[in-house]
Amino acid sequence: KKSLRVSDSIIAVSKYTKDKLLGFYPDLISKQIKVIYETGNINEFSTNKIRKNRKCFLFIGNIEPRKNIEILLDAFEIARMKNNNIELCICGKYGWSSQGIINRMHTIDGVEYLNYVSDEKKLELLNCCTAFVMPSIYEGFGIPVVEALQSNKVVIVADNSSLREIVENPDLRFMTSDSTQLANIMLRLVDDSDFYKMSTKYCSERGRCFSWIDCARETQTVLT
């Protein structure tokens, strides 16, 4: 708190983070806080194990309640009742209060849980999935989302926090607690080839908006 108030400038990783800071500390001046987006590290890794797209949806992140995986599982079960060819792959290490979520994953047909995966395996999974889903209740930024965008993959996110900044297209966002809306987006990507192509184009272009070069340049400007 003291550091914030004596700082000449503050760097925030998202507009959401900036707004939260101003909400908690209203005596801060908005212009003190500069939003500088981070990016992913997906371009630093490569693999030849690129497989043909399956009707597979992918989640990567810690297994914990904040990630809202229960809603993702609900949506997957709804979608699979209409198309039993779709699959869901969940990757991430055990987090707090995770055991119930993990137990449920093992009871649903079409769900594969891989625990923590290496960077090479992560890229392989991104290359072969239909879309990446981030259903979190909130994110300060969301590097896995940017990495999926930079892998030229369609990304679906919950309509909250910084996630709505990263994926601005409302057709790829769902209300955080609405599993039916998420299921409908998943099914539309599988069943509507035009929507899938348009979404892929949008996400690929959006992924190019984030770079470490821009991050470094903007940070240098703040510091000098």
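Biologist: Where is the place of Cys128?

Modeller: Cys128 is found in helix 5, which covers 119-128. Helices (DSSP runs of H or I, at least four residues) and strands (DSSP runs of E, at least two) are numbered from the N terminus. This is a predicted model, in which local features need pLDDT of at least 70, side-chain atom pairs count only at pLDDT 80 or more, and totals for chains, interfaces and linings use all residues. Residues are numbered from 1 along each chain as its sequence is written, and side-chain values use heavy atoms, with hydrogens and water left out.

Biologist: Is Cys128 to be read as buried or exposed?

Modeller: The terms rest on relative accessible area: buried is under 20%, exposed is over 50%, and partly exposed is in between (1.4 Å probe, protein chains only). Cys128 has 1% relative accessibility and therefore counts as buried. Along the chain, Cys128 and Asp74 are 54 residues apart, and 23 Å separates their C-alpha atoms.

Biologist: How many disulfides does a search of the whole structure find?

Modeller: A disulfide is a pair of cysteine sulfur atoms within 2.5 Å. The search of the whole structure gives zero disulfides. For Cys128, the nearest cysteine sulfur belongs to Cys56, at 6.0 Å, and Cys128 is in no disulfide.

Biologist: How many aromatic pairs does the structure hold?

Modeller: A pair of aromatic rings is described by the distance of the centres and the angle of the planes. Rings of Phe, Tyr and Trp (its six-membered ring) pair if their centres lie within 6.5 Å; planes under 30 degrees apart count as stacked, over 60 as edge-to-face and the rest as tilted. The structure holds four such pairs. One of them joins Tyr94 and Tyr113: the ring centres are 6.3 Å apart and the planes stand at 45 degrees, so this pair is tilted. Tyr94 is in the loop between strand 4 (87-91) and helix 4 (99-105), whereas Tyr113 belongs to strand 5 (residues 111-115), so the pair ties together parts that are 19 residues apart in sequence. With a relative accessible area of 44%, Tyr94 is partly exposed; Tyr113, at 14%, is buried.

Biologist: At what angle do the planes of Phe141 and Phe210 lie?

Modeller: The planes of Phe141 and Phe210 are at 65 degrees and the ring centres 6.3 Å apart, so the pair is edge-to-face. Phe141 lies in the loop between strand 6 (131-134) and helix 6, and Phe210 in the loop between helix 9 (193-207) and helix 10 (212-223), so the pair ties together parts that are 69 residues apart in sequence. Phe141 is buried, with a relative accessible area of 5%, and Phe210 is buried, with 5% relative accessibility.

Biologist: Which residues form one aromatic cluster with Phe141 and Phe210?

Modeller: Tyr37 forms one aromatic cluster with Phe141 and Phe210. Tyr37 lies in the loop between strand 2 (33-35) and strand 3 (56-60), and at 22% relative accessibility it counts as partly exposed. Tyr37 and Ile11 are 26 residues apart in sequence, with a C-alpha to C-alpha separation of 9.5 Å.

Biologist: Which ring does the charged end of Arg188 sit over?

Modeller: A charge sits over a ring if NZ of Lys or CZ of Arg is within 6 Å of the ring centre and within 35 degrees of the ring normal. The charged end of Arg188 is over the ring of Phe195, 3.7 Å from its centre. Arg66 lies over the face of Tyr138, 5.0 Å from the ring centre.

Biologist: Which residues other than glycine have a positive phi value?

Modeller: Ser97 has a positive phi, near 50 degrees, and lies in the loop between strand 4 and helix 4. Ser97 is exposed, with a relative accessible area of 54%. Asn152 has a positive phi too, near 65 degrees, and is found in the loop between helix 6 and strand 7 (154-158). Asn152 is partly exposed, at 42%.
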